[in-house]
Amino acid sequence: MKIQAVRGMQDLLPAQKKISRTIEDVVREVLAAYGYREIGLPQLEQTELFKRVVGENTDIVEKEMYTFDDRNGESLTLRPEGTAGCVRFAEQNGLLFNQVQRLWYSGAMFRYERPQKGRYRQFDQIGAECFGMPGPDVDAELLLMNARIWRKLGLDGDIRLELNSLGNPDARVKFKEKLAGYLQAYEQDLDEDSQRRLTSNPLRILDSKSSKTQEILRGAPVLSDFMDNESKQHFEGLRRLLDDNGIAYEVNPNIVRGLDYYNKTVFEWITTTLGSQGTVCGGGRYDGLVEQLGGKPSPGVGFAMGLDRLSLMLAEKMESSKDADVYVVSQGNAARATALRLAESIRDQLSGKKVVVHCGDGKFKSQMKKADASGADLALVLGEDEVAAGTVSIKSLREGGEQSTISQETLAQYCLDYFSKEN
Ligand code: ATP
Ligand code: MG
């Protein structure tokens, strides 16, 4: 039997990798423009970190983590998300007390979920986390940054923002009790997951996908009735800042997020183009988390975006990309040697352009087919005649398809002129 990739772990073909690289480049540039600094985080952490941060009663900790004992018998977990590790990192490296931080990281996350389009067991996230800033201005900044990324990727038309406030922990506790009390009466009619959550994590019932449960929820108490004044002001402040900056959003009281650490602001960026895997980015505020992990209190807020889902969106948008700008075909040993040499001289002149040399034998006709398929603008042709005369034939693979023969010495300059005219 042949060995296959582990279920839910994706191979990225060159075309797919290229798209995710494009996204990463854009995100990197935008984050830098807002003064965010990149950090590197380990993929493995102590299991206890996630239990304490993400929460024992969340889906992630209950059933999605890749947890194992190492050879020393220590329980370790492949990170299912980045915020826990980032807070651990910031505290451990003394970045928090009396300081302001804007940090970001990228890399693989692992969750044992049912694999489907846009949902994998290993997936890539880029996350940003801010520390030491309690006001709604930095919440707004994160969202402005997100919006700029969508614009740069040309995806802004397909992604909308949904926003909610969870208030402070006291308000949540009070609301949780009232909500659970209300739902108790309908226990038998709730979907299976929600029945289980009734005792473990009733807030999560709010984002249940079951229409019957949603029907029941229509008469339920609402969190905003329990919200403390400070949280209300924070939320109003954020909404004003978003309005001032022309960021459209919808307040969705059912957004609670799947992790325990949030307070006040929570948000999701959602697309309708990916079916039920529609959340491409989510985040919010976690002011109590640092203290909960044993540090001196420091407010925090951040987001994580899913690169795999953004890649799926972008793939549909992008025209089929080309593998070459210049494709060199040749026949005979002498011509092939010249081809390699000339390709080198073009690469010296033209940075950023792809020069692909046809390696190995083949009829001119079949080589030219490959040149066409590569998407190149120019094909360079070298046969015995050209080698003897010190020339090279150039065929435009664009509309018109002109052909000319020039001396090999002037080739690099010719290509330089050709591509600079193009831009
Ligand atoms: P969902 O509701 O789709 O399960 P989530 O709330 O669990 O998402 P977060 O923990 O907030 O997701 O992670 C942030 C982002 O990471 C998501 O918006 C999504 O784009 C991406 N993501 C989460 N889980 C997966 C997965 N299993 N496969 C691919 N991307 C994922
Ligand atoms: Mg999930």
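User: Which residue of β10 stands opposite I270?

Analyst: In this predicted model, the residue opposite I270 is T279 in β10.

User: What makes β9 and β10 a pair of strands?

Analyst: Two strands pair if there are at least two bridges between them. Strand β9 and strand β10 (residues 279-285) have 6 bridges in the antiparallel sense, and therefore they count as a pair.

User: How do you know that β7 also pairs with β8?

Analyst: Strand β7 and strand β8 (residues 250-251) are joined by 2 bridges and run parallel.

User: Why are β1 and β8 called edge strands?

Analyst: The open sheet has 8 strands in the order β1-β5-β6-β11-β10-β9-β7-β8, with mixed pairing. β1 (37-38) and β8 each pair on one side only.

User: Why is β7 described as mostly covered?

Analyst: A residue is buried if its relative accessible area is under 20%. In β7 (residues 159-165), 6 of the 7 residues are buried, so the strand is mostly covered.

User: What makes a group of residues such as F131, L179 and L183 part of a nonpolar core?

Analyst: Such a core consists of buried nonpolar residues joined through side-chain atoms within 4.5 Å. The largest one has 45 residues, and F131, L179 and L183 have the most contacts inside it. Its largest share, 5 residues, comes from α4.

Definitions and conventions:
Residues are numbered from 1 along each chain as its sequence is written. Chains are lettered from A and ligands numbered from 1 in the order in which they are written. This is a predicted model: local features need pLDDT of at least 70, side-chain atom pairs count only at pLDDT 80 or more; totals for chains, interfaces and linings use all residues. Side-chain values use heavy atoms; hydrogens and water are left out. Buried means under 20% relative accessible area, exposed over 50%, partly exposed in between (1.4 Å probe, protein chains only). Helices (H or I, at least four residues) and strands (E, at least two) are DSSP runs, numbered from the N terminus.
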